[in-house]
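Subject: A structure to look through

Dear colleague,

I am handing over the structure below, and I would be glad if you kept it open while you read my notes.

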Amino acid sequence: MPIQLFSESGLLERGGPIIWLQLGLAFFGAVFVVERLFFFHRARINVGDLLVGLSNHARRKAYAEALHEAARAPGPVARVAHAILLRHHMERSDLRDVAQEAGQLEVPRIEKYIRGILAVALLAPLTGMLGTVLGLTEMFQELGDSGQAVSSVKLSEGVFQSLATTGLGLVIAIPAYLFYLYFLGRAKRLFHRIERTGIEMVNIICDSRAETGIVSIRDELGSRREGRG
């Protein structure tokens, strides 16, 4: 019986237009899931190894090599590190602002299509309930118009057909919601890595200045003005 339900004759022909709407939701949900899987796969990076390599370059004041290494690394974590390295001459407070702004720019890319997957998970069972209501309404309307007794077998077939949309809606909604929770967890972990990278990069740059006695341009100009005064 379940096999007949999800066969072409048992589902598409008997389910009505709601079935096509649910198949459209399933298609878009699958596209969103595949896109997010590729995105998070490309964003995988060992943050510790990246920070160690950039720290070695920063200690030697080889910021060109550090920028090249950050540009070659994939994902939002490397882009945040690259944005901070571009402005390595700024003060600590300014570097913190740069790190925060660079992280905020990555938020839309990370959250892209995740809400779309949640929308599919919420809409699929609702459309299933709508199809069930419409199917039962049509069935009882036909019973009222016929004015004749209907066998229990005929009635059970009508109820079974009207519940097809509910079954399909749940089949779509359950994996969609599981993927939503999975991608939400991946996004939160990626946000933590970006925050860690921003803090570590600011400390690395500022510590490299302190080790060699290099001061920022603003501090140097201030000391010259004091000397002239």
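This is a predicted model: local features need pLDDT of at least 70, side-chain atom pairs count only at pLDDT 80 or more; totals for chains, interfaces and linings use all residues.

Is the crossing of H4 and H5 left-handed or right-handed? It is left-handed, a word used when the near helix is turned anticlockwise from the far one by less than a right angle, with right-handed meaning clockwise.

Residues are numbered from 1 along each chain as its sequence is written, and side-chain values use heavy atoms, with hydrogens and water left out. The protein has a mean pLDDT of 82, and 76% of its residues reach 70 or more.

The axes (lines fitted to C-alpha atoms, for helices over the stretch in contact, with angles from 0 to 180 degrees between N-to-C directions) of helix H4, residues 47-59, and helix H5, residues 63-72, come within 8 Å and cross at roughly 160°. That makes H4 roughly antiparallel to H5, the term for angles over 145 degrees. Helices here are DSSP runs of H or I with at least four residues, numbered from the N terminus.

Ala 66 has its place in H5 and is buried, with a relative accessible area of 1%, where buried means under 20% with a 1.4 Å probe and protein chains only. Leaving aside neighbours within four places in sequence, Ala 66 is in contact (heavy atoms within 4.5 Å) with Leu 54, His 57 and Leu 85.

Technical notes. pLDDT is the predictor's confidence in each residue, from 0 to 100. Helices (H or I, at least four residues) and strands (E, at least two) are DSSP runs, numbered from the N terminus. Angles under 35 degrees count as roughly parallel, over 145 as roughly antiparallel, 65 to 115 as roughly perpendicular and the rest as oblique. Buried means under 20% relative accessible area, exposed over 50%, partly exposed in between (1.4 Å probe, protein chains only).
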